[in-house]
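We'll walk through a few of its parts together.

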Amino acid sequence: MGAAEHRAVAVDDLPFTVDRAAAAPLAVQVADGLRGAAAAGALRAGDRLPSSRELAARLGVSRTVVTAAYDQLHAEGWLSGRHGSGTYLTAAPRPVAAPAATGRRANPMTGLLDLGSGAPNIETLDRAAWRRAWRAASDHTPLVRRDRAGEPEYREAVVEHLLRHRGLGAGSGTTVLATAGASSAVAELTAALWKPGDVIAMEDPGYQRAAGAFRAAGVRLVPVPCDAEGMRVDLLPPTAKAVYCTPAHQFPLGARMPAARRVELIEFARRTGALVIEDDYDGELRYDTAPLPLLATLAPDLVVHLGTTSKILTPTLGIGWLVAAPAVTDAVLDYRELTGTGPAAAGQQVVAELARHGDLSRHLRRLRREMPLRRAVVVDELRGRGLDVLGDDAGSHVAVVLDSQAREDRAIALARELGVYLDGLGRHHIGPRHTFGIALGYAALPRAELPRAVRLAGDALSRVVDSTA
């Protein structure tokens, strides 16, 4: 082994102590501690150990104790001494590999062409701008204490972003908070505002991670069916403390809630006192017509607006935003102070730098040019096979409805045999399953791979639709 591979281990890096009250002799305890450090990976073959004098001083024992321990490990073949150089670890057990994920924890997309929903398109991300933003963020002075509301420059960037791309202006009596993403924001809102057993209404099928956050807090989740115009407001329970919805592009069926139904939802909230949680997860990705006004612009006192960078940039950043009336944001901040939680600053600083140089806006313009081309590949292929494709010209996925869970399962299995991952609609239900099919995403794959993946998906879906089983 060359000298370049040697690592001198600092005496304070050895993770063990000795206990004078223990029955085992001190020399045995030192030897056991060194073996344990090697087994845990803190020591590696080739490492140079501290001198017996240094280690004795660190452990508060005599040098004779450490020398005896070193002698024992020499005899066992663990250590070797090199004249004028020191004492080296010559052998160490092979590190225990992390167990492979199995069952439900395994990544279902591994090794497959990914046509799942909910993924961003990173092919359009300007890598030079990405690296520049991270370098600039790294120049920030490390925080001593973080602002629970979020980094000021990030919140300023969000205000500008929402005004420019979503028509949500500042000065509406609302406050912007940084979040760790939409589902994290849902968890914070639920913990801060409601108690177990409170009724929360949610569109069905809908976003499962939001549903999971609600359920984890112990509230009672009531599923509300959707039609071609999104959530059925006329079916909302009057006892609901809050209503969660995705009006810009219903997930996963893809409907856009029209203006009349948006007004109906706001009137329901005013009549019952419920809050409306507007998850605008991909509202920036509208490319057929101008987006309808956000619910938050219609009733900023009643609506909690959520956004995320995971769908328009990348989940790498792990951040989003929440816009709401001060009574709501104050409750969330109180919860964060109580629990010590809050979004990490690094991702916020990166987004602020992307916005400061105009790279965020340029990225969104590229996305709006790219996504219609990808959608056309998907829709042309599927409709060319006689399949009915649902979903507005927006976002990054479409839906193909099938008539049973059995056909949905069969389509997913056939696609997997062909090397393609498909996302079933059945798993997105909040209550009993009633809508089946595929939520087919077209953002994750490189554009060069998309046509082949969609052809294979079309083969699987066509075989299922044409079958009599």
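**A strand, an arginine and a pocket**

Let's begin with strand 6, residues 175–179, where 4 of the 5 residues are buried, meaning under 20% relative accessible area with a 1.4 Å probe and protein chains only. Strands here are DSSP runs of E with at least two residues, helices are runs of H or I with at least four, and both are numbered from the N terminus. Strand 6 runs antiparallel to strand 13 (residues 320–324), and 5 bridges join them. One of these pairs Leu177 with Leu322.

Before going on: this is a predicted model, so local features need pLDDT of at least 70, and side-chain atom pairs count only at pLDDT 80 or more, while totals for chains, interfaces and linings use all residues. Residues are numbered from 1 along each chain as its sequence is written, and side-chain values use heavy atoms, leaving out hydrogens and water.

Now find Arg286, in the loop between strand 11 (275–279) and helix 9 (295–298). Is Arg286 buried or exposed? Arg286 counts as buried because its relative accessibility is 8%. Its side chain makes a polar contact with the side chain of Asp392 at 2.7 Å (a pair of N or O atoms within 3.5 Å, one able to donate a hydrogen and the other to accept it; residues adjacent in sequence count only if both atoms are side-chain atoms). A polar atom of the Arg286 side chain also lies 3.4 Å from the backbone oxygen of Ala248.

Finally, helix 13 (405–417) and strand 17 (423–424) each supply at least two residues to the lining of the second largest pocket.

Methods
Buried means under 20% relative accessible area, exposed over 50%, partly exposed in between (1.4 Å probe, protein chains only). Two strands pair if DSSP finds at least two bridges between them.
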